[in-house]
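Trainee: I would like to learn how to read some local features of a protein model. Could we go through them one at a time?

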Amino acid sequence: MRTQFSKLPLTGVKVVDFGQYIAGPAVAMLLGDLGATVVHIDPPEGAMWDSPANATLNRNKLIVTLDLKTGDGLEKARLLCAEADIIVENFRPGKLATLGVDFAEMREARPELITISLPGFASNDMEKREQRAFESIIAASSGVFTDMGLNRVLMGLNPSFSPLPLASAYASQIAASATVLALQSRQITGLGDQIEVPLAAAVMEGLCYNSIKVENMPERYLTQREVEIERRRLEGLPMNLSYEDLQELLDPFFRSYMCKDGRMFYVVCPSHKNHARRCLEVLGIYDELVEDGLTSEEDTYKPWSEWEHRTSLGVYPMPKDWADKISARMKEVFMTRTSHEWKKMFGRGHIPGAAQRWLQEWVHDEFAETSGLMIDVNDPVYGEMTQPGPVVWMEESGEEALEPEPRLWVGFDEALKTLKKIRTELPDPSDTVSQKGWLSGVRVLDLCNVIAGPHSASYLARFGAEVIKLDPSEPMYDSWNTIIYGLSQMRGKRSILADITSRHGRQVFEDLVKSVDVIVWNAPDNQIKKMGLDAESLRKINPDALFCKLDCFSGVRRGTRTDYIGYDDLVQATTGVMLRFGGAMDRPEEHAHVGTIDVMCGFGGALGVAAALYQKYRHGRIGRGRTSLNANSGLLQVPFAYDFKGRSLYDEPSGPETNGYDALTRFYSTASGRHILLSAYEADLPRFRDVEGLEELPDLPEEDRAAYLATAFQAQRASEWVDRLRAADIGAAVCEYLDALRAENSREADGTPGTDNGSYSFSIYPDHPSGHEVTQLDPYAVRTTRSMVTAVRPSEKFGTSTRSILKELGYADQAIEAMIKSGGVSESWSEEYLPS
C-alpha cells in the first residue's frame, strides 16, 4: 500500500469499507484513488455482485473476508472500525446496526469518526426504506425510465431502459465529496459526522434540471420537439415518430451527421455567441447562408418581440425553416470528409464536436491511454486489465494516482496492522470553534458556465460556503443556456458581471481572486494560463488560494484533445454512451437526461475542492483539484468500462427496444396500463411461489418466463403486483414520472433543505425572483447529524449583486459608476430576468 511519503491529498486517512455492489465500493475507491488507506470487508461467500468491475471498484484496497453473523467476525470488524477515520456502508437503513456495527454508538465513543451510509431509499422514508433497492428499482421509482427525454416520448418508447447506474454514480460522487468535506471540517473542529446519502435522493439531484417546473415559460424557449409533443397531446395523436422523422425536429447545431467514413459526428454548439458561426465557417458555408438571409441579433436578451429578425445564429432553439435549411447543407458537407478529419478541424477551431464511438473503442483509445483516462492495472484475478483512470485528482500528485495498487486479499491481522501503523493527528474537539456548516467561512469564486462547474459551486453553498459567481459583462451564451440552467446552478450565489479582459474588469477580477479561498473554473489549460490562473501566476495574486478545474476531455496527463472544448453530450458520443442508447452507428441517441455526466462532474469538482481544503489544513500544501467530464464517464460506465484478455463481448443492453436484462429484470405492462420494473435474480425464483398469480414461474424453462410473466401481469393493476412482490421480498417498482413525483412531494418553500422529507422533496417558490412560479428539487441528498445543511437561496438575476460586491471590495460609489459607464462591469444583461 502507499507510504506516508505519498503526496496524494488523503494520505494518512484510514477507511473501512463495508460496501457492496457499486455505490459503497465506489465511494471508497474515490477516496483510495486520492490516497486513503482502505480496508474492504466481504462476506465469506465473496462479493455480493460478481463482476469484473469489482477489480476497478476495489483497487487500492486490502480485502478481508469476515462473517458478521458470527461473534468472531463481528469482533474483528469492530476492531478494524476502531482504527478508522471513515466507515462506508450501503445497506438498507439499520441493517449494519442490527448486525452489531452501530454508527451512532461508535460516534458517541469516538466523536471524531466520520460515517457514510448510502441506502437505496432514505432512512426517514417509512414507505420505501425496507424495499430491495436495486439500481433499476431506484431508477424506476425515481422517474428515470419514464422520462428518458423528448425523443423517446415522441417515438412512443416510454418507459425506456438504460443500464447506466445513474443512482450509484451520482450517489458515490455526492457521498465522497460530503465525506471529504466532513474530513476537512474535522481538521478545524476535531469532530466528525454521521452522513447519509440515499441513492434515490442522489439520482433526483442528478435530474434536477429535468424535474424543474417554470410556470408560463416563454414560447421562445420551447424546442420543436416540445411543440410537437404538445400538438399531438392536444389533437389526440399517437406518439409514433420514427427515428428518421425525429431527426428533422432537432436543432442543426445539436445533432449527429453522417461522415464519409460511415461514422456519425455529433455537433453541440447551439447557444454560444461564436460556436455556431465557427461551425459554419469550418464547414465552408457561413458566407453562403448569410447571403441567403441568416441573421445574428446583436442583443438576444431583448424580448423576442423587439428583435429585428426572428432568427439569430447562436441562439437555441432555431425556428424550423432555418433549422431545416442549415441542417440540409450541413448534411451535404459532412459527407465530404471522415469523422477523424472533422474531429481535428472542430477541436483545433475551438468548436464543440466529436465523432461517435463505441465503448470498446474508447477503452482502447490512444488519447484515453496517453492522458490517463484509461489505465492498466495488474489485477490478481484478470491479469493486465484496462480500467478507468482516477475520476478526481490533484495536479501535483496526479501522476501517482495513475498507478493504483491492485486489490489485495489479506488476513485480518495484516489489515489491522496496516491501519494501526497510521496515526491520526487531530485538534482536540473544542466548543470554541464555531462552524455551522462544513464550509462556514470559506469564500468561493465561481468562474464557470453551463452546468458542471456552476453546479459544483452551488453544491458547496448548502454547506455554508459563500459563493460569488463572476460572469462577463456581456453574455457569451444565450438566455436558454444561462437563465434556464441558472435557475438550478445559480442557487445560493451572488452574481457580479465584469469583463475581465477590460482594464476595470481585470482589476475587479484580481481583487476578487485576492479575497477568496477557492476558485472554480471549467476551462481548458490554455484558457486558464491566458487568464493568469495557472499555478505560477495565481501564486503571485493570492498564494493561499485553492484552484479547482473542471473541463471536458482532460486526464492527468496532457494529450491531443486536452484543450478541446466540449460538453456532456460530446463525452457521451466519445465514450459510447450515445451509441449504446441508440443501438447502432446510424442512430445514436443522447442519453436523455440534462447533464447526465455534467451534474456528476459537478459533484466531482466539489470533491476536488474538498480534497484541496483537507490537504491544506492537514499537510500545509496549496493544491489544485482536477476532474473532467471524460473522467466521470468512467464512473458512470464502471459496470462495463474495462477490458482484459479473454473478456466476453461488450453486450450490455442497448438500443431503444431493450426493456431490461432478462425475463426477471425488465419492464412489464399491467392491467392499469402502468408499467412495473421487476428486478429479481435466479436465487429469488423460490420466492415467487409465495406470490399469488406467479406460483408456477419457478417450474418453467428459462425461455418461457417472459411470456408467462407478460400474460400474468396483465391480470392486475401495477400497484397490486408491486405489493404482492414486495411482500415476498422480491424487487419491484411502478415506473414513476418526474411530474408525478414533483406533484406528490412539493410544498411551499419553508426555509428548510428537505432532508426531513424522505426520498423525494421539492419546494414551490411562488415569488421566485424570476417573476415566474418555480418548483424545483430541494438540496437534500446529503443528510448530516452534526453539521448543518442549509436551504440555499433561489437564483438571483445575473448582476444583482454587482454593486454590493464591489463595495465590499472597497470601491467607492463614484468609481463603481465610472466602471459601469465604461462597460467594464455591468448590473444586468436584460431588463427582464427571463427574457420573453
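Mentor: We start with disulfides. A disulfide is counted when two cysteine sulfur atoms lie within 2.5 Å of each other. Keep in mind that this is a predicted model.

Trainee: How many disulfides does that rule give?

Mentor: By this rule the count is 0 disulfides. Take Cys208, which is in no disulfide: the nearest cysteine sulfur belongs to Cys601 and is 14 Å away. Cys208 is buried, at a relative accessible area of 9%.

Trainee: What does a disulfide consist of, in general terms?

Mentor: A disulfide is a covalent bond that joins the sulfur atoms of two cysteines.

Trainee: Next, salt bridges. What is the general idea?

Mentor: Side chains of opposite charge can pair when their charged atoms come close. The cut-off used here is 4 Å between a side-chain nitrogen of Lys or Arg and a carboxyl oxygen of Asp or Glu.

Trainee: How many salt bridges does the structure hold?

Mentor: The structure holds 59 salt bridges. One of them pairs Arg110 with Glu112, where the closest N and O atoms are 3.4 Å apart.

Trainee: Are Arg110 and Glu112 buried or partly exposed?

Mentor: Arg110 is buried, with a relative accessible area of 18%. Glu112 is partly exposed, at 22%. The line between the two classes is drawn at 20% relative accessible area.

Trainee: Which residue meets Arg255 in a salt bridge?

Mentor: Glu248 does, with an N to O distance of 3.6 Å. Arg255 counts as buried at 4% relative accessibility, while Glu248 counts as partly exposed at 29%.

Trainee: And where in the chain are Arg494 and Glu466?

Mentor: Their side chains meet in a salt bridge of 2.8 Å, N to O. This pair links distant parts of the chain: Arg494 is in strand 17 (residues 493-498) and Glu466 is in strand 16 (residues 466-471), 28 residues apart. Arg494 counts as buried, at 16% relative accessibility, and Glu466 as partly exposed, at 30%.

Trainee: Which residues are linked in a network of salt bridges?

Mentor: The network links Glu395, Asp525, Lys549, Asp551, Arg558, Asp563, Arg624 and Arg626.

Trainee: I turn to the backbone. Which residues does a cis peptide bond join?

Mentor: Read omega, the angle given for the peptide bond. Asn158 and Pro159 are joined by a cis peptide bond with omega of about 15 degrees. Pro159 lies in the loop between helix 7 (150-154) and helix 8 (166-189).

Another cis bond runs from Tyr316 to Pro317, with omega near -10 degrees. Pro317 is placed in the loop between helix 14 (286-291) and helix 15 (320-334). At 15% relative accessibility, Pro317 counts as buried.

Trainee: How many residues apart in sequence are Pro317 and Asp72?

Mentor: They are 245 residues apart in sequence, and 64 Å apart in space from C-alpha to C-alpha.

Trainee: What about phi? What is the value for Tyr21?

Mentor: Tyr21 has a positive phi of about 65 degrees, although it is not a glycine. Tyr21 sits in the loop between strand 1 (14-17) and helix 1 (23-33). At 33% relative accessibility, Tyr21 counts as partly exposed.

Trainee: Where does Asp729 lie?

Mentor: Asp729 is in the loop between helix 31 (718-727) and strand 25 (731-734). Its phi is near 60 degrees, a positive value in a residue other than glycine. Asp729 counts as partly exposed at 28% relative accessibility.

How values were computed. Residues are numbered from 1 along each chain as its sequence is written. This is a predicted model: local features need pLDDT of at least 70, side-chain atom pairs count only at pLDDT 80 or more; totals for chains, interfaces and linings use all residues. Side-chain values use heavy atoms; hydrogens and water are left out. Buried means under 20% relative accessible area, exposed over 50%, partly exposed in between (1.4 Å probe, protein chains only). Helices (H or I, at least four residues) and strands (E, at least two) are DSSP runs, numbered from the N terminus.
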